[in-house]
Amino acid sequence: MGVPLSQMWTVATYVMGQRLRGRKRYPLVLMLEPLFRCNLACAGCGKIQYPAHILKQNLSVEDCLKAVDECGAPMVSIPGGEPLMHPQIAELVRELVKRRKYIYLCTNAILLKEKIDLFTPSKYLTFSVHMDGQEDHHDFAVCREGVYKDAAEAMRMAVQRGFRVTTNTTLFEGADPNSVRAFFDEMMELGVEGMMVSPGYAYEKAPDQKNFLKRQSTHHLFNMILSNRDGGKRKWRFNQSPLFLEFLMGRRDYECTPWGNPTYNLFGWQKPCYLLQDGYADTFAELMQETQWDHYGRASGNDKCQNCMVHCGYEPTAVNHTFSGMGGLFATVRSMLFGTYRDEAALKSLEQEKGRPHGPLVQLGLAEVKPAGDDSPDPTVRVGRKGTERVVA
Ligand code: SF4
Ligand code: SF4
């Protein structure tokens, strides 16, 4: 099981409490961005393009705690930037643990070995490590060689020291579903508690604009990856709602819940969600009251929302569905206990994908595949996991 029972119980009682009080809109996870600077520069990142004077700034611990108290969500995710670069990150985590918040400290793990002694293992603290796939793919996605190896080593050490460790994976157009499945196996072998996975959002500011997934291709990709989990090998644990994963696979339809994961950062409370920046509110109450929520989500017709299937908008919907009545509860339990998703068509597509090109040069449009049956001399360039593709440069 990916999420500990105590955390599930906290979330369940919180959601029930909100529903009993008749609250229509309530937050589940506060996305607290205490800084935007990072020690990497990933091509799909929408957070590190601010000017230098913004990148230098940190939110104070006091401001962070004020936001946490105002919001009241039972879970706090700390993305960034790279939160381990924040000079008072350990103090912030200590204060959040005192408040019994379940913390997901999102890190690329480059600094984890160096900073780990600043932290104490706790059921409230999880290091959520950014890992976008197997070694070649991850290093390409984060635009630096060696990051996968360092992150894997740091995660192993954190697990050995008794910390909760999860992974956080973003998938883009052209992802190799067979490689992603092998990556999930690798992470399980590493001993992580669970994994989180989501399609990327097409940030207007991200340098790489052409590799974001559209809705239909998202369903197809996730169905190939997450179906057919039967057999002793595919015992993957996910640290997220199984109903959200079924949504990604196209097995259920949801509308976005933009207020579910509100975002607080250097500019204030970001309207309406973690991904869009349509202004800022000074207080959480103002964010909830003054945001025109009906302008967002797929049904609103807003162009920026049409292809979005990102966890920060849809995972709260899935969690709310779980606690909406017996139907949601039953669907969640069924998925957790019996969700192996046998699907012959997905299996066939997976096989076909083995003969298609994937990997850095293909993603960049710098290589093409030799057609089946082409017996001309060996390709001069191979990409992706060694020996899996025949690509000519
Ligand atoms: S590690 Fe995260 S914050 Fe840093 S550049 Fe990459 S995506 Fe952006
Ligand atoms: S659909 Fe995506 S971009 Fe639109 S409001 Fe929801 S989370 Fe934000």
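# Reading a predicted model

Q: How does the shell around ligand 2 divide by class?
A: By class, eleven residues of the shell around ligand 2 are nonpolar, two are polar and one is charged. The model is predicted.

Q: Which residues come nearest to ligand 2?
A: The shell around ligand 2 holds 14 residues, and those that come nearest are Cys-256, Cys-273, Cys-305, Cys-308 and Gly-313.

Q: Which residues come nearest to ligand 1, and how does its shell divide by class?
A: There are 13 residues around ligand 1, with Cys-38, Leu-40, Cys-42, Cys-45 and Asn-108 nearest. Seven residues in this shell are nonpolar, four are polar and two are charged.

Q: How are two packed helices described?
A: Two numbers are used: the angle between the axes of the helices and the distance between those axes. For helix H8 (residues 177-190) and helix H9 (residues 215-226), the angle is about 45° and the axes are 9 Å apart.

Q: At what angle do H3 and H4 cross, and within what distance do their axes come?
A: Helix H3 (residues 61-71) and H4 cross at roughly 30°, and their axes come within 10 Å. H3 is therefore roughly parallel to H4, since the angle is under 35 degrees. H3 passes H4 in a right-handed crossing. On the H3 side the contact is made by Val-61, Cys-64, Leu-65 and Val-68, and on the H4 side by Glu-91, Leu-92, Glu-95 and Leu-96. Six residues of the contact of H3 with H4 are nonpolar, none is polar and two are charged.

Q: Which peptide bonds are cis, and where do they lie?
A: One of them runs from Gly-80 to Gly-81, with omega near 5°. Gly-81 sits in the loop between strand S2 (75-78) and helix H4 (89-98). Another cis bond joins Lys-271 and Pro-272, with omega about -5°. Pro-272 is in the loop between strand S8 (268-270) and strand S9 (280-281).

Q: What pLDDT does the protein average?
A: The average pLDDT of the protein is 88, and 87% of the residues score at least 70. Over residues 369-393, the pLDDT is below 50. In the model, that stretch has 48 contacts beyond near neighbours in sequence.

Conventions: Residues numbered from 1 in each chain as written. Chains lettered and ligands numbered in written order. Predicted model: local features only at pLDDT ≥ 70, side-chain atom pairs only at ≥ 80, totals over all residues. Near = placed C-beta within 6 Å. Nonpolar A, V, L, I, M, F, W, Y, C, P; charged D, E, K, R; others polar. Axes fitted to C-alpha atoms, helices over the stretch in contact; angles between N-to-C directions. Helix = DSSP H or I, 4+ residues; strand = E, 2+ residues; numbered from the N terminus. pLDDT = per-residue confidence, 0-100. Contact = placed C-beta atoms within 7 Å. Parallel < 35°, antiparallel > 145°, perpendicular 65-115°, else oblique. Left-handed = near helix turned anticlockwise from the far one by under 90°.
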